[in-house]
Amino acid sequence: MNRFQLTLIYLSLFLYIGCEDSKESKEIEIVTPVDTVKVEVFPALGHDGPYQSGNIYYGRESYIEYHAGNIPIILSAPHGGRLTPDEISDRTYGTLVTDLNTYELTKTIMDSMIIRFGGYPHVILCKLKRTKLDANRDSTEAAQENTYALRAWQEYHHYIDVAKEKIKNTQGSGLFFDIHGHGQNPDGFYDLRTWLGYLLSSDELDQSDATLNTNLYKNKSSISSWVDSSSYTFIEVLRGKVSFGSILDSLGFKSLPSLNDQSPAGMRYFSGGYNTARHGSRNNGVISAIQIELPKPGIRDNQSTWSNYSRAINSAISEYYLIHLNRNIKN
Ligand SMILES: [Zn+2]
C-alpha cells in the first residue's frame, strides 16, 4: 500500500467533516502510522447549487467552468485547457495533446447560440491542460492518483449530470456535443473532414447500410434515443441526407460519416470516447451524444474561423432538431 492509498483510507474516515454544511474546502491534519499529512477536504459536490441559467459556476481553483443553461443542448470541451498548476503533477500515461482553441471555439458557439436560440446552452469546460487532467477518460486514467485532478474530474461530470437532469425534467430530451480537435497523421497527411463519433468503430461503419440498420447497432450508438424519437431510420440518421454529418456537409464542412463520406474506409478516425459513452443514450437515457473532432484549418485557427464555424454548427443543430423532432430548440 503506498502513501496515496493510505491517505485515501484515512481521508474516507474523516470525510464526514467536509459534508456538514461547508461550502469551502477545509485543510485537516491526519496522523497516519507513517507520518502526518495535511489533507484538503472538499465540500460535497453540488454545494454551489442550485444553478441558475445564465450564471457561471467554477469548481475548485476555477479548473472547471460551468455555464448553466435552459435549452436542451450541452456543450463539453475537455481538452482545450491551458492551466498547469504545480499542485498537480503531470500525467505519466495516456494521450497528453491539447485540442488547440477548443475552449475558445466552444465559448464562441455558446455565445452564438444565445443570440440565435434566445436561451442558454449548458456548457462545461475544462481549463486544466491535458497533461494535468483528461476529462474524457475514466477517473483512473484521467487524474492518475492526483487528489486535485480527481476533484476537478468529479466536478466536470457533476456539472454535466446537473445539466442532463435539468434537461430531462424540463424539455424531456436533448443533445450532448463533446468538442475536440484532431491533427495531422504521423505521415503528415491531414484529414480536413470533421469526424463525428457515435460509438461505432471504423470497422462497424465500413459495413453495408443493410447490416448497420438494425437495433443492435442503433442500441450500441450514442444517439439511440434520438433515433427512437425521429421518424427516420437509424441509418438515415447516422449517414443519410438527414444525418448531422450531411447537414454540416451542406454548409461547407465536410464530415464523416455523411452521405458523401459514409465510412472511414481505412483512414484514421475517432469513434467517440468516455464522455460520449457515459453521457449519451447507449445505455438508454434521454440525452443523445455526438463527439465532434474538428480539424484545425478553416475551423480552429482564429477568431474569424471559429465565429464562422459557430454560425454553421448552430444552423446544423437547428435543422437537425427540426428534421428529427419536428420542432425548434426553444419553443
Ligand atoms: Zn480531444
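In which loop does Pro-50 lie? Keep that question in mind while we look at the whole chain, which here is a predicted model.

Let's begin with the overall build. The chain contains 12 helices and 10 strands. Along its principal axes, the C-alpha trace spans about 65 × 50 × 40 Å.

Now back to the opening question. Pro-50 sits in the loop between β2 (36-41) and β3 (56-58). Find Gly-49 in the structure as well: a cis peptide bond joins Gly-49 to Pro-50, with omega at about 0 degrees. Another cis peptide bond links Leu-256 and Pro-257, and there too omega is about 0 degrees. Pro-257 belongs to the loop between β9 (255-256) and α11 (274-279).

Why point these places out? Most peptide bonds are trans, and most residues other than glycine have a negative phi. Look for Asn-101 in the loop between β5 (73-77) and α2.

Two packed helices are described by the angle between their axes and the distance between the axes. For helix α2 (residues 102-117) and helix α12 (residues 303-325), the axes come within 9 Å and cross at roughly 50 degrees. Angles of 35 to 65 degrees fall between roughly parallel and roughly perpendicular, which means α2 is oblique to α12. The crossing of the two helices is right-handed.

Which residues of α2 and α12 meet? On the α2 side they are Glu-104, Leu-105, Thr-108, Ile-109, Ser-112, Met-113 and Arg-116. Their partners in α12 are Trp-306, Ser-307, Tyr-309, Ser-310, Arg-311, Ile-313 and Asn-314. Sorted by class, this contact of α2 with α12 has 6 nonpolar, 5 polar and 3 charged residues.

How values were computed:
Residues numbered from 1 in each chain as written. Predicted model: local features only at pLDDT ≥ 70, side-chain atom pairs only at ≥ 80, totals over all residues. Axes fitted to C-alpha atoms, helices over the stretch in contact; angles between N-to-C directions. Helix = DSSP H or I, 4+ residues; strand = E, 2+ residues; numbered from the N terminus. Parallel < 35°, antiparallel > 145°, perpendicular 65-115°, else oblique. Left-handed = near helix turned anticlockwise from the far one by under 90°. Contact = placed C-beta atoms within 7 Å. Nonpolar A, V, L, I, M, F, W, Y, C, P; charged D, E, K, R; others polar.
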